[in-house]
Amino acid sequence: MLSQRLKTILAMVPDDIETVWDLCCDHGHLGNHLAQRQKVRRVNLVDCVPSIIQRLELANEKCHKFAIRAQEVQIEWKNSECVILAGVGAHLVIDILNNILRTFLYTSSFFVFCPHQNIEKLRKFLIQQKFQLRQEKLIHDAGKFYQVFSGTFSQQKSNLSELGASGLWQQGEISKLYWQKQWNHFTRQQNQPMLESLKAIKENYGPY
Ligand SMILES: C[S@@+](CC[C@H](N)C(=O)[O-])C[C@H]1O[C@@H](n2cnc3c(N)ncnc32)[C@H](O)[C@@H]1O
């Protein structure tokens, strides 16, 4: 049974995707699940821990597994790749993207992110890289909050905002709880710029 977090990530993968890169895959549920879609032709499951890859069971013959660092993958960009980076910190996501975007061709290839720490740093990086947001969602799963967002990179100004938009902040009670959690976090850090941004969010999307 997939968690709400995994279901949300899977729901953001477009229907026309043919090649999936499930980077930092661990249990492999994301890649294995997508391999069951008819249009998907190949799924690459990557994790840097050899024992994880050794015991990973593959859903079908479309799946291939690799015990390598995700920073080392070489993606041949065509039109239909989907890269999923979930369950790891923003610094690692940035490190991995710094490598794979070096060869990126501005195709309609797609990305889904669900980082678990320092999300505002990843958002800043994505804005610099001209990320085009398609969808973003805040979820509360097993007592934890997660931001899930998807889109692609283009040569135009990014439409991503540093602290997220309605997909995060207009989700009723969950948004209210998340806003308070972020407020407490940045108050402890005495991070005045983030507190100012949170005040603006409250004005735009509240009441909280
Ligand atoms: C918490 S799991 C996330 C699993 C899955 N993506 C999810 O969201 O549920 C993190 C996984 O990332 C792997 N990992 C950490 N650093 C990595 C790297 N540089 N390259 C590939 N895998 C890495 C770990 O071995 C671990 O299995």
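Me: Which residue in β2 stands opposite Trp21?
Reply: This is a predicted model, in which local features need pLDDT of at least 70, side-chain atom pairs count only at pLDDT 80 or more, and totals for chains, interfaces and linings use all residues. Residues are numbered from 1 along each chain as its sequence is written. Strands (E, at least two residues) and helices (H or I, at least four) are DSSP runs numbered from the N terminus. In β2, the residue opposite Trp21 is Asn44.

Me: Which strands stand at the edges of the sheet?
Reply: Strands pair if DSSP finds at least two bridges between them. The open, mixed sheet has seven strands in the order β3-β2-β1-β4-β5-β7-β6. One side is left without a neighbour in the sheet, because there is a single partner strand for each of β3 (63-66) and β6 (131-141).

Me: What angle does the direction of helix α7 make with that of β6?
Reply: Axes are lines fitted to C-alpha atoms, for helices over the stretch in contact, and angles run from 0 to 180 degrees between N-to-C directions. Contact requires C-beta atoms, placed from the backbone, within 7 Å. Helix α7 (residues 173-188) packs on the sheet, touches β6 and β7 (144-153), and makes with β6 an angle of about 95°.

Me: Within what arc do the buried residues of α1 fall?
Reply: Buried residues have 20 or more other C-beta atoms within 10 Å of their own, exposed ones 12 or fewer, with C-beta atoms placed from the backbone. In α1 (residues 4-11), Arg5, Thr8 and Ile9 are buried. The arc is that of directions from the helix axis to the C-beta atoms. The buried residues line one face of α1, because they fall within an arc of 100°.

Note on methods. Contact = placed C-beta atoms within 7 Å.
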